[in-house]
Amino acid sequence: ACLNSSKTGCTSCPTGSLHILETVWHYQQGECLLTEVCPVGLVPRGTTGCVSGCMSECDSCDMFELDKCVSCDQSGGNGYYLDGRCLSGCPARYFDDVGKVCRACHEDCESCFGALRTQCEQCRAEVRYKKVTDLRCVSGCPIGMY
């Protein structure tokens, strides 16, 4: 039943339509939609309602794990994606790959510009030697060096 003649202000909706339970994007709380499927970005609540499905920093999220982002909102401050989270930048031992997706550096690297062993910028503290010619970190001196 709607409180006024507009499409918003409804406390329930007719059979075959869904009730927007909170204001999200251009959908208003109390609005009835003539559909049986929640619009993109909204998820079902109960059998007849729709609510926001993602955390605010997500552009899209996993439909089964709503707190797990699939992609990040690039307009906000947390546009870098790593394992279902949106971050303000890639953490140590990760690099910014194409599309602001954080990827792991090689295990010997503290910082890097790629995932290969030859793409280290700085070696982890446990790795004592850095061969500058090919940007590779090794844990001991190479043959012929001491």
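Author: Helices (H or I, at least four residues) and strands (E, at least two) are DSSP runs, numbered from the N terminus. By that rule, the chain has zero helices and 14 strands. This is a predicted model, in which local features need pLDDT of at least 70 and side-chain atom pairs count only at pLDDT 80 or more, while totals for chains, interfaces and linings use all residues. Residues are numbered from 1 along each chain as its sequence is written, and side-chain values use heavy atoms, leaving out hydrogens and water.

Reader: Where is confidence lowest, and where is it highest?

Author: The score to look at is pLDDT, the predictor's confidence in each residue, from 0 to 100. Strand 13 (residues 129-131) has the lowest mean, 64, and strand 10 (residues 101-104) the highest, 95. The chain averages 78, and 75% of its residues score at least 70. Where pLDDT is low, the predicted coordinates should not be read in detail.

Reader: Thanks! Why is Asp108 called buried?

Author: Buried means under 20% relative accessible area, exposed means over 50%, and partly exposed lies in between (1.4 Å probe, protein chains only). Asp108 has a relative accessible area of 12%, so Asp108 counts as buried. Asp108 sits in the loop between strand 10 and strand 11 (109-112).

Reader: And what makes Lys100 partly exposed?

Author: Lys100 has 30% relative accessibility, so the label is partly exposed. Lys100 is also a loop residue, found between strand 9 (94-97) and strand 10.

Reader: How do you know that Asp108 and Arg117 make a polar contact?

Author: A polar contact is a pair of N or O atoms within 3.5 Å; within protein, one must be able to donate a hydrogen and the other to accept it, and residues adjacent in sequence count only if both atoms are side-chain atoms. The side chains of Asp108 and Arg117 make such a contact at 3.0 Å.

Reader: What makes Cys72 and Cys86 a disulfide?

Author: A disulfide is a pair of cysteine sulfur atoms within 2.5 Å. For Cys72 and Cys86 the sulfur atoms are 2.2 Å apart, and the pair qualifies. Cys72 belongs to strand 6 (residues 69-72) and Cys86 to strand 8 (residues 85-87), distant parts of the chain 14 residues apart. Their S-S torsion is about -95°, so the disulfide is left-handed.

Reader: How many disulfides are there in the whole structure?

Author: A search finds five. One of them joins Cys109 and Cys120, with sulfur atoms 1.8 Å apart. Cys109 is in strand 11 and Cys120 in strand 12 (residues 120-123), so this pair ties together parts eleven residues apart in sequence. Cys109 is buried at 1% relative accessible area, and Cys120 is buried at 0%.
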